[in-house]
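Dear colleague,

Here is the structure I promised to pass on. My notes follow below it.

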Amino acid sequence: MIGVVAAATGGLGELRSGLIEPALNRGFRVGVTLTPTAARWLAAAGELDAIAAATGLPVRSQSRLPTEARPHPPVDCYVFAPASANSVAKLALGIGDNQALTQLGEALGDPTVPVVVFPRINAAHARHPAWPGHLAALRSAGAILVEGPAVFPLAEPAEKPVRPLPWPAILTAAAEALSSPL
Ligand SMILES: Cc1cc2nc3c(=O)[nH]c(=O)nc-3n(C[C@H](O)[C@H](O)[C@H](O)COP(=O)(O)O)c2cc1C
């Protein structure tokens, strides 16, 4: 069971075709949780029902009531892709102010659940003085970062053409994390 978590970045609209359907085709179960902004974007694109139909699970973006059952089965590996600069920073700091970050933050502190993170950022985000520290914090917590010039060279803000997201590398990282004992 892969818990796909996605934030509001470029390429989010490809989440189903780029990551969810390929993961399902490889035999994984998939449950999707979105940041509130990502949920708004995918709702506007008409993708929420399509993702729920493909995965057979509700798409989460809000916390459950304390009296409600968890809507997704237990997750074996989280894939946070695409991750925004904003949500990567919050995750590194342990902020869980939405359902997506709550799940990821808990998994990051659980040595039995691998967390793969693909930061879909631009070069300006990476020049923020706190950015290297955020990546270091995630790495030291055991997160598997899909990033670097060979995987996703950073563009300047508004640079064209838009670079494709490395969906196959992201899914491979999750499959490897699930197949290697922790
Ligand atoms: C059209 C558009 C594209 C954006 N693309 C990115 C992006 O690729 N990466 C990123 O980190 N932020 C991007 N942002 C900014 C984030 O959406 C913004 O920081 C938002 O607060 C992130 O919320 P979330 O982390 O809760 O999903 C974009 C915003 C807009 C309006």
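Leaving aside its neighbours within four places in sequence, which residues is Phe152 in contact with? They are Glu147, Arg163 and Pro166, where contact requires the C-beta atoms of two residues, placed from the backbone, to lie within 7 Å.

Two remarks on conventions. This is a predicted model, in which local features need pLDDT of at least 70 and side-chain atom pairs count only at pLDDT 80 or more, while totals for chains, interfaces and linings use all residues. Residues are numbered from 1 along each chain as its sequence is written. Helices (H or I, at least four residues) and strands (E, at least two) are DSSP runs, numbered from the N terminus.

The loop between β5 and α8

Phe152 sits in the loop between β5 (144–145) and α8 (167–179). Phe152 counts as buried because it has 20 C-beta neighbours inside 10 Å. The cut-offs are these: buried means 20 or more other C-beta atoms within 10 Å of the residue's own, exposed means 12 or fewer, and partly exposed is in between, with C-beta atoms placed from the backbone. Val79 is 73 residues from Phe152 along the chain, and their C-alpha atoms are separated by 16 Å.

Ala158 is in the loop between β5 and α8. Ala158 has 8 C-beta neighbours inside 10 Å and therefore counts as exposed. Its phi is positive, about 65°, although Ala158 is not a glycine. Pro161 also lies in the loop between β5 and α8, and the peptide bond from Lys160 to Pro161 is cis, with omega near -5°. For background, most residues other than glycine have a negative phi, and most peptide bonds are trans.

A cis peptide bond also joins Ala81 and Pro82, with omega about -10°. Pro82 belongs to strand β3 (residues 77–83).

The ligand shell

There are 14 residues around the ligand, and Ala7, Thr9, Thr35, Ser84 and Ser87 come nearest. A residue is near a molecule if its C-beta atom, placed from the backbone, lies within 6 Å of it. The elements giving two or more residues to this shell are α2 (36–44) and α4 (85–93). The largest share, three residues, comes from α4. By class, the shell has five nonpolar, eight polar and one charged residue. Here Ala, Val, Leu, Ile, Met, Phe, Trp, Tyr, Cys and Pro count as nonpolar, Asp, Glu, Lys and Arg as charged, and the others, Gly among them, as polar.

Val88 is found in helix α4. Val88 counts as buried because 27 C-beta neighbours lie inside 10 Å. Leaving aside neighbours within four places in sequence, Val88 contacts Ala83, Val117, Pro119 and His134. The C-alpha atoms of Val88 and Ile121, 33 residues apart along the chain, are separated by 9.8 Å.

The axes of α4 and helix α5 (residues 99–108) come within 9 Å and cross at roughly 45°. Therefore α4 is oblique to α5. Axes are lines fitted to C-alpha atoms, for helices over the stretch in contact, and angles run from 0 to 180 degrees between N-to-C directions. Angles under 35 degrees count as roughly parallel, over 145 as roughly antiparallel, 65 to 115 as roughly perpendicular and the rest as oblique. The crossing of α4 past α5 is right-handed; a crossing is left-handed if the near helix is turned anticlockwise from the far one by less than a right angle, and right-handed if clockwise. Ser87, Lys90 and Leu91 of α4 meet Leu101, Leu104, Gly105 and Leu108 of α5. That contact has four nonpolar, two polar and one charged residues.

Helix α1

Helix α1 (residues 15–25) packs with helix α3 (residues 48–55) at about 15°, their axes 10 Å apart. So α1 is roughly parallel to α3. The crossing of α1 past α3 is left-handed. Arg16, Ile20, Glu21 and Leu24 of α1 make the contact with Ala50, Ile51, Ala54 and Thr55 of α3. By class, these residues are five nonpolar, one polar and two charged.

In α1, the buried residues include Leu15, Arg16, Gly18, Leu19, Ile20 and Ala23. Among the elements covering the buried residues of α1 are β1 (2–6), β2 (30–34), α3, β3 and α8. Gly27, with a positive phi near 95°, follows α1.

Regards
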